[in-house]
Structures are given as structure tokens and as C-alpha cells.
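Let's take a walk through this protein, starting with its parts and then looking at what sits between them.

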Amino acid sequence: MSFDIDKIRADFPILQQTVYGKPLVYLDNGATTQKPNIVIDRISDFYRTTNANVHRGVHFLSDKSTQEYESSRDFVAQFLNASSSKEIIFTKGATDSINLIADAFTQSILKKGDQIIVSALEHHANLVPWQIACQKTGAELKIIPINEKGELIQSEFENLLSDKVKIFSIAHVSNSLGTINPVKEMIAKAHQFNIPVLLDASQSVQHIEVDVQDLDCEFLAFSGHKIYAPTGIGALYGKTEWLEKLPPYQSGGDMIDQVSYISSTYAEIPLKFEAGTNNYVGAIALAEALKYVQNIGLKNIANYESELLNYATQKLNEIEALKIIGTADKKASALSFIIDKIHNYDLGMILDKMGIAVRTGHHCTQPLMNKLGINGTVRASFAIYNTKEEVDKLTNALLKAQQMFS
Ligand code: PMP
């Protein structure tokens, strides 16, 4: 399919509304994306026609529901180019996926003196679970620093690599600055020390092609709601040999094989990691959203969004008092900025009154903001349905806000 922006916009009912009498300009896609009709309809159709708990019943609906759930798993595997559907675990989202791995490593691998590497760009979701893992095991957290453009300093990363490192967990794309990290090269370097790598793809799967076999990461986490699917669903990819050796995270129904009053054996992967009634409707809607993205084509999406980001960067750079935070050579979707003498929160409030939704504050990256010596930024983050006209509206609104403050 070619990139037909009018058709794409028409797919998203929420975009057709006005706020405060102005057409909605939704530029908070890094926080969550809007949902196309096809995903919304899939959820209500499923509840109207198919709903029954999965993996449990012998009856018609339960079987149909299970088949749809498992074929959604197959689709997620195909979307990420995993070598098997067994390597896909449905979770609540990226935070849940990362916690699963951090907990499994805490239980079975990490010990005093070990090290974990993360980067200075991480979302709290890929930092706090590792801090807790360190508190519980006595392992130590090592942070890859950034340069003034918001890129990871590769020589510093190489200096951190050693046999002591038991896991390296890194964002593919920074949610605050938009930096695309050179993860393929970094994963290869980590592998020279046999270090497994967890890729936080929360801000990449919706913008650029992600192929787990090509990247060769051991684990990958993402959230459905940032890729046009509902909240409360996401996935964790893991290489078979790793998922097989890690212990379960949560326990209860569905994740077991045999249970006695004394002890239990566990199900094979992926069910070993899916305790309880999972969000199977969410998983089915996630597959529908991924199909929608795949139909448009990630190459088309990456090209379109990158042109939009370049245009926005150029327009915003024309505003004298505005400073873009994060000027990495390779960026996706997010454009963070501050304006002299105007607090990011005030800017966000003014933009809102003009119908423009942006994010303000620390974007769940407090250590990064501290490092940059700022209390936060305004972040415009783009998705497939945004347009250059919307960028113009943002630029004009910022100029107006500046006048109001001068
Ligand atoms: N990592 C990154 C890079 C993110 O941007 C986010 C969400 N802002 C998360 C992790 C956490 O995602 P969720 O809240 O959907 O679990």
C-alpha cells in the first residue's frame, strides 16, 4: 500500500474532533497513539461474537478464542521476525516485559559483584527494575554516558564491557530525545563478552523496521498502546534457549504442567510466563494493529515520519529563543525543546488551549533531565497520521506563546 495520509487520518476517528473549538493536533504519540477503526472494531466484534477464556474450555467459543489468540502470537512473531511463536510472550506492556526479565535474572543469574549495563537515556521502566535487581542481589549498575547531542558515547560503552556484565538493557529509540541508538553494533560488541541484551523497543517498533534475528538481541520489549493497539497489552520476545532456562515470573493458572499440594511443574514456553487469564482480547487487537502497520509498510512509515521530523526540526529551529534538546544524527519521532524563560508546563498549557496536545516534563527520564541540567522539555512526538500542516500549527502556536510571555 502507498502512503495515503488522508486515508490514514480517516482511519482514526478521534482525530476528527475539535478541542476548545480548534481541530485536534495530537502530538503526544510517544506517550500513547490513537487507535484506528479496524482495531476498535476488532475488540467490539470479538466481544460480540467470540469471547471465551483461552486454553481452558472444550467448547466451540473457547476453541475459537484460543485459535485467534495463538494466531495473534504467530503474527507478532512474524512482525518481529522471530524464528518461532514460542518466543513471544504476551505481557501488559514494555514495563511488564522488562520487569519479567529483571525478576528472572534476579532469581536465577545475578549475584554480588555482577554488573548490569543500561544507558543514560533510559526511561524509568528500563532503569528502576534494574536498580531493584541490584538492591536484591548486590549487583552493580553501570551507565553509558551521552555526548552533547544526546548520543551514547561508544568508547565509554566499550570500556564498560567485561565478563562481570550479566545483562545489557538498552532503549532502541530514546523517548525523550528521539535518538536512535546503534543497537545492532552494540549488541554485537556485547556478544563478544557473551552478554545477553534486552532491547526496549517501546519507541522503535512503530517507527522503524525491527527484526530480532537481524539485531540478534536475546530479548525485546514493547507496548501495544504505542503502536495503535489498546492499553494493557504488549509483548516480550526472547530467544528460545533463554526463555527455557529462566524461571517463571508470576505463577498460578495457565503456566503450570502438573500441580500437587506440595509442588508444581511448569508449562513449556511461552505459557510458562503467562500466568492467569491474560489480556487475550488485547493480544488479538494488537495483532490487528500490527497488520494495519504492516499494510502501510514500515519503510513507508519511516520515510514519511522522518521527513516530518526533519521539517519540524527546521521550522522549530527558526524560532530564535527555542532550543532543541537532543540533536543526534539519527532520530525518530520525538522532538524535545525548551524556550527561554518559559516553563515547559506553561508552554504545554498554552498549546493545549490552541488544540495542540504535547507532552511536558521529564518524560520518565529524570536522571537524563538532571544530566542535561533542565527540569524538563516540551516534546512533540509524531505518528503516521501527523502532517506538515500540523507542524505549521505548532510553530505558529509557539510563536504566539512567545509573544504572550514577552
Ligand atoms: N520504555 C520507553 C522508551 C518508553 O517510552 C516507555 C513508555 N513511555 C516505556 C518503556 C514504558 O512503556 P509502558 O508504560 O507502556 O509499559
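The chain is assigned domain 1 (5–29 + 297–405) and domain 2 (50–295), with bounds that come from an automatic or database domain assignment. Keep in mind that this is a predicted model, where local features need pLDDT of at least 70 and side-chain atom pairs count only at pLDDT 80 or more, while totals for chains, interfaces and linings use all residues. Residues are numbered from 1 along each chain as its sequence is written, and side-chain values use heavy atoms, with hydrogens and water left out.

So how do the two domains meet? Their C-alpha centres lie 29 Å apart. At the interface, 34 residues of domain 1 are in contact with 27 residues of domain 2, contact meaning heavy atoms within 4.5 Å. The rule also finds two salt bridges across it (a side-chain nitrogen of Lys or Arg within 4 Å of a carboxyl oxygen of Asp or Glu).

Now for the inside. The largest nonpolar core has 72 residues, and Leu80, Phe168, Leu220 and Phe222 touch the most other members. Such a core is a set of buried Ala, Val, Leu, Ile, Met, Phe, Trp, Tyr and Cys residues joined through side-chain atoms within 4.5 Å, where buried means under 20% relative accessible area (1.4 Å probe, protein chains only). Because domain 1 and domain 2 both give residues to this core, it lies between them. A second, separate core of 28 residues includes Leu308, Ala312, Ile339 and Leu351.

Back to Phe168: beyond its neighbours within four places in sequence, its contacts include Ile117, Phe157 and Met186.

How values were computed: Buried < 20%, exposed > 50% of the residue type's maximum accessible area, 1.4 Å probe, protein only.
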